[in-house]
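Welcome, and thank you for taking a look at this structure. Here is a short tour, with a few stops along the way.

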Amino acid sequence: MNPATVPISEPVEAGHSLWQDAWARLRKNKLALASAFIVTALGLLCVAAPVLPPLGKALGVTGLTHAYDAQDLALGAAPPSAKHWLGTDHLGRDQFTRLLYGGRVSLMVGACATGVALTIGVLYGAISGFIGGKLDALMMRLVDILYALPFTLFVILLTVWLGRELWLLFAAIGAVEWLTMARIVRGQVASLKRTEFVEAAHALGLRKRRIILRHMIPNVIGPVIVYTTLTVPAVMLLEAFLSFLGLGV
Amino acid sequence: MARFLLIRLLQTLPVLWAVATLTFFMVRYAPGGPFTAEKNIPPEILKRLEAHYGLDKPLSEQYVAFLKSLVTGQQPSIRHSNRTVGEIIRKSFPVSLELGAWALLIALAIGLPAGMLAAQKPNSAQDYVPMSAAMVGVCLPTFVLGPMVVLFFALKLGWFHTSGWNTPGDRVLPALTLGFHLAAYVARLTRGGMLEVMGQDFIRTARAKGASGLRILTRHALRGGLLPVVTFLGPAAAGLITGSFVIETVFNIPGLGKYFVGSVFDRDIPVVGGTVFFFSAIILFFNLVVDVAQAWLNPKVRLE
């Protein structure tokens, strides 16, 4: 080998960022990838529901051309067919289209109500755990009381109180789902408070607000993400329960 | 131990009082009243109705009467005017309790073995099959599963009645529906808890000294592995025995859950107050039971 072609030093091996690492591990997990694909596809279908009828007409696919409120009373409750992929309900409305529209509401509830629950829960828990002492005891007693209160009562009265608007319903569901989140965050923050790097931040003279936002919250994000993924389906089911009661969408 | 129990019981009193107070003012300030549903009541009759139930008195007096009625349970219901709150609870709670107990039994009988089986050989068929079934159980809400089992077992096969609460056979479908849903959670929690314990040093020690697989499972792993299940079951059991509104509606069962939801819609203050108070007391009681059970299962937890 010609010695002149040998590089003087070994090329530096490219490092992996945390995101690259996570992506590589995710790619190895076939089950997770397949699930992610299905969920994304379903989500996109739901989001795209309003543009599907013109698209279906253009492509000549009759199964996609139905409006969610178009009735064909002569049809009644029909079984699945080429024209109606999932059949029709008792008023002759296309079930597939209605399912997609229902999915839109579920997705919206999942995102918005979880957002509300996340915001209240994380802030409440972080403040309670960080400040500690009497305030902490008081705030956690309040959580205990709300825990002992049946959430059905709370949600029914909130929806009656706030009116029947969609985003108020999200707020109402979020307002009853933040309790566990607050407890988790509080526990994490209370234990983080005694760590050295937080002490160092105190010694450097950072304000409390900054310590909570910059040092505490990034460190509690792990359990919060896990619990958030559990909250999304929980609020969707809660919305379905409200519909069962006649208070939903 | 006795001291711990006494202090904890005393601590529940202010919580119960706060729950009752919150309930009273929330229902009183919510729009609508117990008589708004009935159309066109002449004002003078409405006035007499309100006077009859003490709703015309100042709010503070109503509040005191409300607190008193929680203790005695003697307040008459507004909606079911021939019965008192105490009678309603005494009549419908045993129904919910029985249904809840059966469901709990089914959940444990299916969920615990399934979870333990899955934890024995993680990431094998023995793990995937029960855990996939559990995932289905978690995803299926009871108001979907309920009508489905009715359709199949009651209408197609004709084994049971579609609804009601008269013969022993009427217990089967609602208890199965409720129990299967809960079993899914129990199985998942059992698997997680057992896997965590099985990886620990003291299990390896037990294995090294030659204990058999069965002995390790029953003597060493089970206590620690069941901790998450116990934590979950406390509030879940409290919810179960106080009545599941969905199940009671689907199967038309005269349980507590239906009275509770109905009374909130009717603003039937005495019944709302009574059922909420009852429900909260049971939740708090089960939380206490969970704490004691945790201390018994886990030597690291101390009751203070």
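A cavity, in the sense used here, is a set of grid points where a 1.4 Å probe fits but cannot get out, and its volume is the space filled by probe spheres set on those points. Please keep in mind throughout that this is a predicted model.

**Enclosed spaces**

How many cavities of 30 Å³ or more are there? The count comes to two.

Let us begin with the largest cavity. Its lining is made of B:Phe160, B:His161, B:Thr162, B:Ser163, B:Gly164, B:Gly169, B:Asp170, B:Leu173, B:Pro174 and B:Phe251. Sorted by class, this lining has four nonpolar, five polar and one charged residues.

For the second largest cavity, turn to chain A. Around this space you will find A:Ala49, A:Leu52, A:Pro53, A:Leu64, A:His66, A:Phe96, A:Thr97 and A:Leu100. Two helices of chain A, α3 (52-59) and α4 (95-131), each supply at least two residues of this lining. The largest share, three residues, comes from α4(A). By class, the lining of the second largest cavity divides into six nonpolar, two polar and no charged residues.

**An open pocket**

There is also a pocket to visit. The second largest pocket contains about 320 Å³ of space and is lined by 14 residues. Which of them lie nearest its centre? They are B:Val197, B:Gln200, B:Phe202, B:Gly224 and B:Asn298. The elements that give two or more residues to this lining are α7 (172-198), α9 (213-225) and α10 (227-241) of chain B. Six nonpolar, five polar and three charged residues make up the lining of this pocket.

The table puts these spaces side by side.

| Space | Volume | Lining by class |
|---|---|---|
| Second largest pocket | about 320 Å³ | six nonpolar, five polar, three charged |

**Chain B as a whole**

What is the secondary structure of chain B? It comes to 13 helices and zero strands, which reads along the sequence as α-α-α-α-α-α-α-α-α-α-α-α-α. Along its principal axes, the C-alpha trace of chain B spans about 85 × 55 × 30 Å.

**Where the chains meet**

The size of an interface is often given as the accessible area lost when the parts come together. Between chain A and chain B, the buried area is about 2,200 Å², and carbon and sulfur atoms give 89% of it. The contact takes 18 residues from chain A and 28 residues from chain B. Across this interface there are zero salt bridges, and one residue pair is in polar contact, with both residues at pLDDT 80 or more.

On the side of chain A that touches chain B, the helices α5 (133-148), α6 (151-162) and α10 (208-245) of chain A each supply at least two residues. The largest share, seven residues, comes from α6(A). By class, this side divides into 16 nonpolar residues, one polar and one charged.

**Salt bridges**

Over all chains, a search of the whole structure finds seven salt bridges. One of them joins the side chains of A:Asp136 and A:Arg186, with 2.7 Å from N to O. Which parts of the chain does this pair link? A:Asp136 sits in helix α5 of chain A and A:Arg186 in helix α8 (residues 179-192) of chain A, so distant parts of the chain, 50 residues apart, are linked.

Definitions and conventions
Residues are numbered from 1 along each chain as its sequence is written. Chains are lettered from A and ligands numbered from 1 in the order in which they are written. This is a predicted model: local features need pLDDT of at least 70, side-chain atom pairs count only at pLDDT 80 or more; totals for chains, interfaces and linings use all residues. Side-chain values use heavy atoms; hydrogens and water are left out. Contact means heavy atoms within 4.5 Å. Buried area is the accessible area (1.4 Å probe) that two parts lose on being put together, summed over both. A salt bridge is a side-chain nitrogen of Lys or Arg within 4 Å of a carboxyl oxygen of Asp or Glu. A polar contact is a pair of N or O atoms within 3.5 Å; within protein, one must be able to donate a hydrogen and the other to accept it, and residues adjacent in sequence count only if both atoms are side-chain atoms. Helices (H or I, at least four residues) and strands (E, at least two) are DSSP runs, numbered from the N terminus. Ala, Val, Leu, Ile, Met, Phe, Trp, Tyr, Cys and Pro count as nonpolar, Asp, Glu, Lys and Arg as charged, and the others, Gly among them, as polar. On a 1 Å grid over the protein atoms alone, a cavity is a set of points where a 1.4 Å probe fits but cannot get out, and a pocket is an open set with protein on both sides within 12 Å along at least five of seven lines; lining residues have an atom within 4 Å of a point.
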